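Please take a look at the model below. A few questions on its packing and pockets follow.

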Amino acid sequence: MAEKNGEVQEIKHQEVGHKSLLQSDALYQYILETSVYPREPESMKELREVTAKHPWNLMTTSADEGQFLNMLLKLINAKNTMEIGVYTGYSLLATALAIPEDGKILAMDINRENYEIGLPIIEKAGVSHKIDFREGPALPLLDQLLEDKNNHGTYDFIFVDADKDNYINYHKRIIELVKVGGVIGYDNTLWNGSVAAPADAPMRKYVRYYRDFVLELNKALAEDQRVEICMLPIGDGITLCRRII
């Protein structure tokens, strides 16, 4: 809430999907306008605005999370990366802009049509050569990668933002593909805040359906001694896992 001309008014953020868990819309808007939007690359801004017109825009990575991923990749000097779940490619573009010229992203999604919405912008940004896009379910491709021992422990960073009911199945596979010291990022691990809500609390149907899968993942990651974890309230929650074994 904010006061204007003596009247209390509700402030609504302008970010598509409102993926912030902050209680204050005004504070989230402050972060966007002070830290995120002024530093957002023009190509990412263009893709964000194009995605905002898509009927499934709630699926996109928020701008503040895109900025976070971009900086994280630079901090860990990531070069060989993977992304499971692409949508129109906002987080993919954030990654492609962060990794070196000879860096690579193995990108998987079941819907190439959505990816092609962002592809012209990615091409214009001059980073499309870093992306190897594969259309189809990720699990068969991950199994194929695991068959070759040369792929084990070769990825610096893996970002997962796909079907929540398969997050556990993804983890069982990609933990073998990320290198020791490498990082896995799982998106939506706070799932609209529902993970802390009573089971009988009112929820949207899709939130309730996937809630148990997200809870299952969070419990498994907390118990997995092969990784160090850090859960952050950025976007809809992102959990970082650093492989140590």
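Reader: What are the ground rules?
Author: This is a predicted model, where local features need pLDDT of at least 70, side-chain atom pairs count only at pLDDT 80 or more, and totals for chains, interfaces and linings use all residues. Residues are numbered from 1 along each chain as its sequence is written, and side-chain values use heavy atoms, with hydrogens and water left out.

Reader: Is H2 roughly parallel or antiparallel to H4?
Author: The axes of H2 (residues 42–52) and H4 come within 10 Å and cross at roughly 175°. Axes are lines fitted to C-alpha atoms, for helices over the stretch in contact, with angles from 0 to 180 degrees between N-to-C directions. Angles over 145 degrees count as roughly antiparallel. So H2 is roughly antiparallel to H4.

Reader: Which residues in H4 does H2 meet?
Author: Contact means heavy atoms within 4.5 Å. From H2 come Ser43, Met44, Leu47 and Arg48; they meet, in H4, Tyr90, Leu93, Ala94 and Leu97.

Reader: How are the rings of Tyr115 and Phe133 arranged?
Author: Rings of Phe, Tyr and Trp (its six-membered ring) pair if their centres lie within 6.5 Å, and planes under 30 degrees apart count as stacked. Here the centres are 4.1 Å apart and the planes at 5°, so the Tyr115 and Phe133 pair is stacked.

Reader: Which helix gives the most to the lining of the second largest pocket?
Author: The lining has 13 residues. H1, H3 and H4 each supply at least two. With five residues, the top contributor is H3.

Notes. 1 Å grid on protein atoms, 1.4 Å probe; cavity = no way out; pocket = protein on both sides within 12 Å on 5 of 7 lines; lining within 4 Å. Helix = DSSP H or I, 4+ residues; strand = E, 2+ residues; numbered from the N terminus. Parallel < 35°, antiparallel > 145°, perpendicular 65-115°, else oblique. Phe/Tyr/Trp six-rings, centres within 6.5 Å; stacked < 30°, edge-to-face > 60°.
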